[in-house]
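Have a look at the structure below before reading on.

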Amino acid sequence: MIAKRVEDSKNLIIKAISTISEIERMGKPSADSKTISYKDAKAGKINVDEFKKAIYALIEADEFLYKKAPLHELNEEEAKEFCRLILKAERHLNNVLKDFGFEFEEKEIDKNALYIVSNKKLFRKLKDKNPDLNVICTEGMLDIEDMKTINPNIPEKALEGIKKKIEITKNNIAKRIEKTKPSKVVVVVEDKADELIYNRAKELYNADKIDVNELLE
């Protein structure tokens, strides 16, 4: 099994080199492209925690090589998860490299925005990490039809109570927007249910969305 994985890795490296060579033949990078070289490294200390997080993310991503062999074709959901793990590893590796003198452009968190989250657990995580963030929790959907999508078997009697809760939530969001006048409204997306909330919030508040990992990592 180990020998097979080593052989698979060798083949993937060969394919990667072939792809890079093809890109290089297509054209040279523009003059203003910023290149990074190991020769620019300065003395520093390895951030072990960040390095381990990068490795763990790559190990998770590595599973796709064997689950999806031999074609390695991913559907949309699989592609999103694979790329999420790769980008997660990249963020942690960049944090490792920073301690050796490398600089990376960081995406700044807009502290003037209103962030919408779907549950109290995520609300607490965000507030623990960024106490000054303007965050509001829906504790559910923003439309009854989305609730039916999440739970098709929900009883009609329960829907009446949920409708009232949704209206209260939307009123609370409207009041928060009126009071704080945020630069924008952003839905923090962690799963499929959050995507439904984002779609409604986009209609209601012209909301943007952000992946939860960009705020927590």
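## Helices, cores and a surface patch

Helix H3 has 23 residues, which should span 33 Å at 1.5 Å a residue, and this agrees with its end C-alpha atoms being 33 Å apart. The expected span is 1.5 Å times one less than the number of residues. Helices (H or I, at least four residues) and strands (E, at least two) are DSSP runs, numbered from the N terminus.

This is a predicted model, so local features need pLDDT of at least 70 and side-chain atom pairs count only at pLDDT 80 or more, while totals for chains, interfaces and linings use all residues. Residues are numbered from 1 along each chain as its sequence is written, and side-chain values use heavy atoms, with hydrogens and water left out.

Buried means under 20% relative accessible area, exposed over 50%, and partly exposed in between (1.4 Å probe, protein chains only). Contact, used for packing and touching, means heavy atoms within 4.5 Å.

| H3 (76-98) | Leu85, Lys88, Ala89, His92, Asn94, Val96 |

The buried residues of H3 pack against H2. After H6 comes Lys181, with a positive phi near 45°.

Which residues have the most contacts inside the largest nonpolar core? They are Ile116, Ile173, Val187, Ala201 and Tyr205, in a core of 22 residues. A nonpolar core is a set of buried Ala, Val, Leu, Ile, Met, Phe, Trp, Tyr and Cys residues joined through side-chain atoms within 4.5 Å. H7 provides the largest share of this core, six residues. Leaving aside residues up to four places away in sequence, Tyr205 touches Ile116, Leu142, Lys170, Ile173, Ile177 and Val185. A second, separate core has 13 residues, including Tyr115, Leu126, Cys137 and Ile210.

On the surface, a nonpolar patch with about 770 Å² of accessible area together includes Ile46, Phe51, Ile59 and Leu93. Such patches join nonpolar side chains (Val, Leu, Ile, Met, Phe, Trp, Tyr) within 5 Å, from residues with over 30% relative accessible area and no salt bridge. H2 gives the most to the patch, with six residues. Ile59 lies in helix H2 and counts as partly exposed because its relative accessibility is 48%.

Notes
Patches are made of residues with over 30% relative accessible area and no salt bridge: like charges are joined within 9 Å, nonpolar side chains (Val, Leu, Ile, Met, Phe, Trp, Tyr) within 5 Å. Accessible areas come from the Shrake-Rupley method with a 1.4 Å probe; for residues, only the protein chains shown count as cover. A salt bridge is a side-chain nitrogen of Lys or Arg within 4 Å of a carboxyl oxygen of Asp or Glu.
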